[in-house]
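Welcome! Here is a short report to read alongside the sequence and the model.

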Amino acid sequence: MLQVSHLMVFFENALALNDFSMEVGRGELRGVIGSNSAGKTTLMHALSGLLIDIRIKEQRRGGERITLMGKIHYEGEEITHLPPHERVQRGIVLCRERHPIFPESDVLENLKIAGYLRAREETRRSMEFVFDLFPVLKSFRRKRAGFLSGGEQQMLAIGMAIVAAPRLLLLDEPLLGLSPAMQRHLVDAVQQIRSERGTTILIAEQFARPILPLLDYAYVIENGMMTLSGAGPELMENPEVRAAYFGV
Amino acid sequence: MFLGTLVYGIVNSVILALVALGFNLTFGISGIANFAYGALYVLTGYGVWILLNEVGLPLFLAAPAMVVLTAMAGALLYRVVLIRLRGMAISEVIATFGVGLAVLEFFRYLGFIGFEYTLPPLLDGSLSIGPVFLDLQRALIVIVGVTLTGVLWLFTHHTRLGLAFRGIAQDEHTAMCLGIHSDRVAMFSLAFGGGLCALAAVVILPIGTISVDAGYDVLLEALAVCIVGGLGSAVGVIVASFILGLAQTYTAMYMGSHWMMIVTLVAILLILTIRPSGLFGKQKELEERI
C-alpha cells in the first residue's frame, strides 16, 4: 500500500532522514521506533505532505532550505510531492504528536471540522464509532477541547483523524506524555480501529514497550537511518533493542 | 436629549461593528492584518458611484455588484501579493498598507474629491422612537448589522467552509492534516473580509459623502475596535464597538464633536497599557491554564 524508497530529507545541510526505505501492506500495523530527534517526525511529515507545505512556506520567506530526495508511492501512485490536502483526499491522515486539537472549539466541533472532506452522513457514523471507542469524549462533547486533560486530548486527536476517514492512518508519538494506564487504553483503541475499520496503521513511537509486541513489523531508526527491522515480537527479543528501549 | 443620544450612540456602535467585522474576520482566520481595508471601503463607495452615474445601473444592481467585485479584489490581493509573504506579519502589514495607499491616493489623483460624491440612501423616510426621529437609512444600518452578525455566527459554526475557517484559525497544521487547504481558506478569508467591508460601505456611505480620507478613518476605527476587543475575537468586536460607539457619541454630545476622534485614540492607548491582548483576547488565558 505504501512504499518509501531511498528517502532523504535535508534541513539546510543537516541530514534528518538518510536513505530510508520501508513499506506498509494493506491492513497491517507497522511501527517506526526511535528516540528523540531520530527522524520519526520528519518521516511522518514527509508521508503526510506537511513537509511539502513547510518547504514551500520556508521558500517563500527565504528561510530554511529543505531538500527532499527519494520516492514515496501510495497505492501505485507517486505522492512524494503532493500537498497535504490531496493526500487526505486519497486516504492518508496524520495525527501529529503532542495531541493537536482545536482548543477553542468544543469536542463535537473538533470532530465536525475533521469531517471537512467527508459527507455529513459519513461523519455522523464515524463520530458514533469514535464515541464508542472513547466513551469519555461523549460525556465531554460540549466541553472546550483546550480544557481536556492530555490523555483526553490525545483521544480526541485520534478521533479527529478517524473522522477524516483514513485508509492509511499515521500516528506520531500517540503515547507521549501519558500515564501507563492511558497508554494501555490507547494501544487497545489502536487495535480496535484496525480490527473494526480495517485501517492500515503506521505508528512512530519512542515508548517501545507497550506497542512493540503488537506490531506486524517494526523499523528501528537512529539518526535518520534504519538500524534494525523485523517483526515486533522478534525485535522484543533482540538484545540491542532491549538495551536501548527497555533498559535491560 | 439623553434618549436621542442613546439611539444615535447605538447606531454609531453598529456602524463601528460593521466596519470592524470584516477586518476581524480576516485577521481571526488567517492572521493577516489587512491594512488595505480602508481602501477596499472607499473602492466600494466610488465603484457604486461610478456604476450609478457613469454606467447607469440601478442601485439594486450596482450595490451587490460592487460587494462581489470588492470580495474578488480581496481574493486577488491574497493570490498576487500576500501568498508570498504568509507568516511574516511585518511584511504583510507593509504590503497591504502599501496597496491601500496606492488605491486611495490614486482616487485622489483622479480627482474624486468633493461633495457630489454621495450615494443615494437605500431607504428614504424616517421613523420615530418615542420623541426621537431616526431616518430609515440609519435604521437599516442597525438591521443589517444585527442580521450580518447572526448570519456570520451561523456560517462559522454550522457550514463546512465556516468550520474550516475555525480550524485554520486555531491550528493551521492540524487543519491541513484533516484535508483543509490552507492557502485557499486564507484567500477566502480575505474575500469574505473584503465582501463584509463592501457591505458596510454600501449601507453606511449614504449617510455621508465618499472621500479618500474616509479610507484612513475606517481603517483607524476598525483597528481601534479590534485592539480594544481583542484581535480575532467576535464577541470582543461587538462589546468594543458599543463601548467606543457610545463613548464617542456622548463625548460629541457633551464636549463637542471635535473630541470624538480622541476617544478612539485614548481607548487604544489605555487598552494597550492595561490589557495588551484586548478585553477578549481569550487564547492566552486558555494557554495559561493548561
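Which helices of chain B each supply at least two residues of the nonpolar patch?

## The nonpolar patch

Please keep in mind that this is a predicted model. The helices in question are H10 (234-255) and H11 (260-274) of chain B, each of which supplies at least two residues of the nonpolar patch. H11(B) gives the largest share, with 6 residues.

## Where the two chains meet

Let us turn to the interface. In the contact, chain A takes part with 33 residues and chain B with 30 residues. Together the two chains bury about 3,100 Å², and carbon and sulfur atoms account for 58% of this area.

## Polar links and the chain B side

Between chain B and chain A there are 12 residue pairs in polar contact, counting pairs with both residues at pLDDT 80 or more. On the side of chain B that touches chain A, two or more residues come from each of helices H5 (136-158), H6 (160-170), H7 (172-177), H8 (182-204) and H12 (282-289) of chain B. Sorted by class, this side of chain B holds 9 charged, 10 polar and 11 nonpolar residues.

The interface also has 4 salt bridges.

Definitions and conventions:
Residues numbered from 1 in each chain as written. Chains lettered and ligands numbered in written order. Predicted model: local features only at pLDDT ≥ 70, side-chain atom pairs only at ≥ 80, totals over all residues. Heavy atoms only, no water. Contact = heavy atoms within 4.5 Å. Buried area = accessible area lost by both parts, 1.4 Å probe. Salt bridge = Lys/Arg side-chain N within 4 Å of Asp/Glu carboxyl O. Polar contact = N/O pair within 3.5 Å; in protein donor to acceptor, adjacent residues only side chain to side chain. Helix = DSSP H or I, 4+ residues; strand = E, 2+ residues; numbered from the N terminus. Nonpolar A, V, L, I, M, F, W, Y, C, P; charged D, E, K, R; others polar.
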